[in-house]
Amino acid sequence: MSSPTEVPVADYDSIVMDEPIADNGSVVDDESVADDEYMADNDFLVAYDSDSDYDFNADNDSDDDSDDGSIGNNSSLDVGITMPNLKRKRDDKEGGECLSGAAPSKRQNSGSGRGTRSQLLSLPSPTKSTGTPAASPTTSPTVPSKLDAALKKAIATFHEDKPLPSADPPVWAEVRGALANALPYYKSHQGSLYTKNCIAQGMLVDAEVGSRDRFDSQVIITSVGGGRVVDDKTKKTTRKEDQTEDTCANYTYLAKAKEENNPVVMIAGARNRLLPVKPEHHYNVLDRFHVTDLWPEFVTGQNKLVKIFMVRLEKIDLDSRSWWTPKDSTGHEAGEFKPGQFTCSSSTCDACEKESKEIYKQGWTCLNGDCNRFFQFPSHIDVTGLEYNQYFMRERTPFPGPQPKDGLVPALPRIKGNDSGSEKEYKDGIVCPKCHCCSRRIQWNYWYCENRECDFKHTIVVRMNSLEKITEENAKAMTRRRNYKYRSGDRPAVIPLHFPLVIEGHRFTVFFLANAEGRIIGSVIRIRPTRQARGRPGGYNDVYTEVQNSNIPLERRGARNAGCYIEELTSHAAVNYGAVYKYNVVVDRTIPYDEAPPIIIDIHKRLTWAAEQAIKTSVELMEEHELDVVEGAIPTSSPKFNEQLVLGYFEKSKISAHDDGEKELGPTVASVSLGSISYMKFFPKKRSGIGYEKAAVLSLLLKHGDMMVMHGALIQKNYNHSVDALGKHRFAMTCRYIRPETIADAEQRRRAVENGTLPEEWDDVQYNGARDRFESIATGEEVLRPGST
């Protein structure tokens, strides 16, 4: 057997990242034209992937390789590569003994931005799933009670005694994520201003209300966002630094909208205390406005006066009554005026010779922020108590740009051409044509109105994605690949130890991850199946097709602030089978294995084989190369899987960096990737001491049919991992072992065991990867998959 070789490492230079696939200096694992050729590129280890391998009928696949020096059929393990900063096993340790009994690691904050793990909300139904029902007044999911409570609180706090509006809003939402998903003119999930091409498109006025903000039926005046901090004493947001044209991006975007006569859609939140009426919803689209004035002024900040920008916006359509005018009010009472009725006077500053409007009742001042006479008033005037001139408030300016042609309610999405329905644009939300509620795409195949009193449903069934399309998509993605160095200062303390192998015809790539001291704490194994295993009847190509055809109720779940008006959904869709698994998203229901489609159990068996082979290979490599492994970090076996998480990815879907370190989980995680390719990246945790937490130390390319096994609980303590799907249509099926003894509730514990047990007809069936077939455990003879004909 070949001895380990040391790969030279060059200096780590700073570079600019300009490609989306490998966006940092990670170890990019990605086999090349010379199939199992591994090399060091600049300062990190790289393994390549051949473009021809995307042709599932190509002849250079791993099961046909015979001259690359690899030894198949389990006769031996191939050469490993040792990086200079990884320690070998110390002499005072257990020689070549297999290590087992890894202790469960303490849960670490993943830094992924996801919320705290949620308790399971309900237990599995005793009835079999019959597909996802059409939305109706009785089946449409109800608005979570947190939303009702938050809206009632906002109304009670700010609007209890206000009149009702004169009409309903043209578009509304109870959840901000739905607003941002459904509206092309406001896609901002956090900031108040949404821009496109550096031009303001939509603006939300909500809880942050300044002392001189105004809100009437035709004019809105608000401070330009940005620069607020939380005061340590009052715990309220305040201004700390001056805004300038160079430092305030929102000023630039609004000024650009004014310059180019671009309409800005205004949206009011229920927490805006200036809203003239009692709102019925959290978020309410007002109308299209245009920017008429932008100026700087002084306001009270943190222990001093600070300069900020203010913006005045005026409704474009002055002929129709605004829906937010109080019911039964007169036009004068509501602030409705016509162009020419009032004109705000202007004067020219003697110092800077620039003109400024007389916008304050207390008198004129120069509003040029660069002038030495800016914002100067007689000494008896308190600038913190300034009021607007009524002529400034009542002045109306005809919109100088073309009248907007598009309505505020966007058209429903329709399938186009050869689209499959999983492209990025079909992931967006919709505005219900019946009640005008913004609704997210929560279900895999359709939208339902998130208004609990509406039964609207819009269906676009995701079309079958052909293998030819996947092949073409993968080849296109590979043309964009590029190798990178680490950014300056991002070099990790340790780089994964790397072994390429061919075992039983399958191409194994084994990575050993280390802690900050360079000691091994776990393994990550990618298993690329043979060409035969992909293409034969019942192979991974057929598995992919069957997954698409099966009744798998995928849905997107609450990832952050679940159930609240600022809830954000996962980027992917998911469903759980088997034992109860609670993690960082809301899991409403876990489906028992005896209710699962046959393909779910099929994949479970395949991943069981993959995990067994991965563990065996890891242990043999540890012994063969006398690796320095933390005691108990890599068990010699793992409990049988009892849970499967199925994920469906739209185009541009991803899972941000996180760990699988919940106390309920066993030490082994195995998954299979079907359809579009993806990158799985491993990042050191912030306090691990391994390296910069945003620079991946390992990036695995996962193609159609690839299996990945993570083994060792300490991986989850020291590393986060993320998944970026590069194509338009991908499934990932992941098996774990849920430890029933960690479930406190006895009934849930019993159900976890019951639901995680495979149907009896599978008891004597196992998948044999070496022979690529299902076999009888008792006799070793080939058998048909249960349920097959």
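Predicted model: local features only at pLDDT ≥ 70, side-chain atom pairs only at ≥ 80, totals over all residues.
Strand 24, residues 520-528, is mostly covered, with nine of its nine residues buried.

**Exercise 1.** Determine which strands pair with strand 24, and in what direction they run.

*Solution.* 
Step 1. Take strand 23, residues 506-514: eight bridges join strand 23 to strand 24, and the two run antiparallel.
Step 2. Strand 23 and strand 24 form a hairpin, with five residues between them. In the turn, G518 has a positive phi of about 90°.
Step 3. Take strand 34. Five bridges join strand 34 to strand 24, again in an antiparallel arrangement. Here I525 has V709 of strand 34 as its bridge partner.

**Exercise 2.** Find the residues with the most contacts inside the largest nonpolar core, and the element that gives the most to this core.

*Solution.* 
Step 1. The largest nonpolar core has 85 residues, and F512, V524 and L674 have the most contacts inside it.
Step 2. Helix 9, residues 598-624, gives the most to this core: 11 residues.
Step 3. List the contacts of F512, setting aside its neighbours within four places in sequence. They include P496, L497 and F499, then I520, G522 and S523, and also S618, L621 and M622. L627 and I634 are in contact with F512 as well.
Step 4. Check for a separate core. Another core lies apart from the largest one and has 26 residues, among them I220, A257, L275 and V311.

**Exercise 3.** Describe the largest cavity by volume, lining and residue classes.

*Solution.* 
Step 1. Searching the whole structure gives seven cavities of 30 Å³ or more. The largest cavity has a volume of about 290 Å³.
Step 2. Its lining consists of 24 residues, and L647, I655, H658, T734 and R736 lie nearest the centre.
Step 3. Assign the lining to elements. Those giving two or more residues are strand 29 (643-649), strand 30 (654-658), strand 31 (668-675), strand 34 (707-711), strand 35 (719-725) and strand 36 (730-736). Strand 36 provides the largest share, four residues.
Step 4. Sort the lining by class: 13 residues are nonpolar, five are polar and six are charged.
Step 5. Relate this to Exercise 1. Strand 34, which is joined to strand 24 by five bridges, is also one of the elements that give two or more residues to the lining of the largest cavity.

Terms used. Residues numbered from 1 in each chain as written. Heavy atoms only, no water. 1 Å grid on protein atoms, 1.4 Å probe; cavity = no way out; pocket = protein on both sides within 12 Å on 5 of 7 lines; lining within 4 Å. Points joined across faces, edges and corners; volume = space filled by probe spheres on them. Nonpolar A, V, L, I, M, F, W, Y, C, P; charged D, E, K, R; others polar. Buried < 20%, exposed > 50% of the residue type's maximum accessible area, 1.4 Å probe, protein only. Pairing = 2+ DSSP bridges. Core = buried A, V, L, I, M, F, W, Y, C linked by side-chain atoms within 4.5 Å. Contact = heavy atoms within 4.5 Å.
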